[in-house]
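Please have the structure open while reading.

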Amino acid sequence: MFPDAPITSVEDLRRLAARRVPRMFYDYVDCGSWTGATYRANEQGLAAIRLRQRVGIDISRRSLSGRMLGEDVAMPVALAPTGLAGMQWADGEILAARAAERFGVPFTLSTVSVCSIEDVAAHTSRPFWFQLYLMKDRAFMERLVARAHDAGCSALVLTMDLPVQGQRHLDIKNGLSTPPRPTLRNLVNLATKPRWCLNMARTQRRTFRNIVGHVEGVSDASSLAHWVSEQFDQTLSWEHVRWLRRLWDRKLIVKGIMDPEDARAAARAGVDAIVVSNHGGRQLDGAPSSISALPAIAEAVGARTEVLFDGGVRSGQDVLKALALGAGGVLIGRAFLYGLGAMGEAGVTRCLELIRRELDLTMALCGITDTADAARALLDAPAYSEPAARLAAPV
C-alpha cells in the first residue's frame, strides 16, 4: 500500500494525493477563495514563527496526551469537519474516523459528508463530533441534531462563517459535482485514476447521505444541489447559537471565529469551545491568517471557553506554535485529507504519526516535556502579543 519512497512529511502525502485523486476533488481541497491569499497566509503565518531552542533540560519524560472538550486525547489534535471526504477515497469519512479512533484523537463529521452519521457510528466505537450549518429548514436541522444525539456524538460544531458560500474559482472551472459530471475533460482525468475509480465502484456511498433521503424532494444529486444552494441561512446570529444551546445538551462548539468581539459573544452564548478559523481561506479572501488572530482571541475569552485552532497546520511544529499562542487544541483539515487521498485509511494514520513525531521532537528540542506547558516563551521574537492567560475548562 505504501509507495516505495518513504513518506516523511504531510507535503509528501499532498503530492501523492494530487496524483491519485480526480482533479475536481483534489482541487476542492487544495484551493482557497478568489485569489487564495488567505489560504496561503495561513501556512505562511505559521512558517514565519520561530521556535526557541533550549538545552540542558531533562526532556526524557515527554507526554503529548491531554484533554479536548473533556475527552482524553493522545495528542491535542482533532480531525476537522471537511466536506466531500468520501470523494477523496471511497468511504473516506468512515476510514478517517476509524484511523482517528485507533490513534486516540477526535474525528469530526461534516454535514456535507458522503458517509452519513449512521454510517460512521456503525463503523466506530468512540463518540465523534458532528458539524452542522444553520439551514433555513429548521425541521431538518432538528432532525439532524437528533440523529447526531442518537448516534452518540459527543460534540456539535456549528460553522458560523458560512452564511453565504465563498467563491472558489477552481470549483467553478472544474464543474464540481457529486458524482463527477461526465464531461470529456472529467472522463479523461478519471481514466488516469484507476485506483480511485475501482474503489468508488465498490461502494454505494457516492452522495451526501446526511441529506439525501432525509429531506422531502431531495432524492438525487441534482435535487440536492438545488436544495443546498437555497438552504444557507443569512440570518445566522448569536440568537441561533442560543437556540442550538437549548436543543443540544452535550458539548457545543462554534467554528469560524476571527475577532475577539465575536469570541466574547460566543462565550456569552454559552458555547463550550470556539474554533479560531477562517475556513482554511475558503471564505473571506483577504482575511488575516488564523494564527495571527489567535492570541488576541485567546486573551479575550480567557478561561470562559475552550479555544481551538485551525488553519494552515501541516506539521507537529505548527501544532506546538498554536498551543504556545493560546490554543487548547488544534484541528487539521487538509493535512488528513491529503493522507486520505494518498492512501486511504493508512494515509490518515500516517498523517497523524507524522504530526505526533514532529510534535514530540520539537518539544524535546525546545526543552518542554508536556504539551500543557506550551507557552509564549517557546517562541523566538514572535510577531504576536502574548495571551494573558492559558485556558482552563469552560465555566
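## Helix α1 and its cover

Helix α1 spans residues 10–20, and its buried residues are V10, D12, L13, L16, A17, A18 and R20. The model is a predicted one. An α-helix has 3.6 residues a turn, so residues three or four places apart point the same way. The buried set of α1 includes L13, L16, A17 and R20.

The buried residues of α1 are covered by several elements, among them the helices α2, α10, α16 and α17. Two of these, α16 and α17, also meet each other, as described next.

## The crossing of α16 and α17

Helix α16 covers residues 334–343 and helix α17 covers residues 345–366. Their axes come within 6 Å of each other and cross at roughly 140°. The crossing is right-handed. On the α16 side, the contact is made by A335, F336, G339, L340 and M343. On the α17 side, E345, A346, G347, V348, R350 and C351 take part.

Sorted by class, this contact consists of seven nonpolar, two polar and two charged residues. Glycine counts as polar in this sorting, and the contact includes G339 of α16 and G347 of α17.

## The largest cavity

The whole structure holds four cavities of 30 Å³ or more.

Eight lining residues of the largest cavity are nonpolar, one is polar and two are charged.

## The second largest cavity

The second largest cavity has a volume of about 40 Å³. It is lined by R20, Q88, W89, A90, R195, W196, N199 and G341. R20 is also one of the buried residues of helix α1.

The largest share of this lining, three residues, is contributed by helix α10, which runs over residues 194–201. Helix α10 is also among the elements that cover the buried residues of α1. By class, the lining of the second largest cavity divides into three nonpolar, three polar and two charged residues.

## Two residues with positive phi

W34 has a positive phi of about 45°, although W34 is not a glycine. This tryptophan sits in the loop between α2 (23–29) and α3 (37–47).

H279 is another residue other than glycine with a positive phi, here near 60°. H279 belongs to the loop between β9 (273–276) and α14 (290–301). The relative accessible area of H279 is 13%, so H279 is buried; the cut-off for burial is under 20%.

## Q231 in helix α11

Q231 lies in helix α11, which covers residues 221–231. With a relative accessible area of 10%, Q231 counts as buried.

Which residues does Q231 touch, not counting those up to four places away in sequence? Q231 is in contact with L134, M135, K136 and D137.

Conventions. Residues numbered from 1 in each chain as written. Predicted model: local features only at pLDDT ≥ 70, side-chain atom pairs only at ≥ 80, totals over all residues. Heavy atoms only, no water. 1 Å grid on protein atoms, 1.4 Å probe; cavity = no way out; pocket = protein on both sides within 12 Å on 5 of 7 lines; lining within 4 Å. Points joined across faces, edges and corners; volume = space filled by probe spheres on them. Helix = DSSP H or I, 4+ residues; strand = E, 2+ residues; numbered from the N terminus. Axes fitted to C-alpha atoms, helices over the stretch in contact; angles between N-to-C directions. Left-handed = near helix turned anticlockwise from the far one by under 90°. Contact = heavy atoms within 4.5 Å. Buried < 20%, exposed > 50% of the residue type's maximum accessible area, 1.4 Å probe, protein only.
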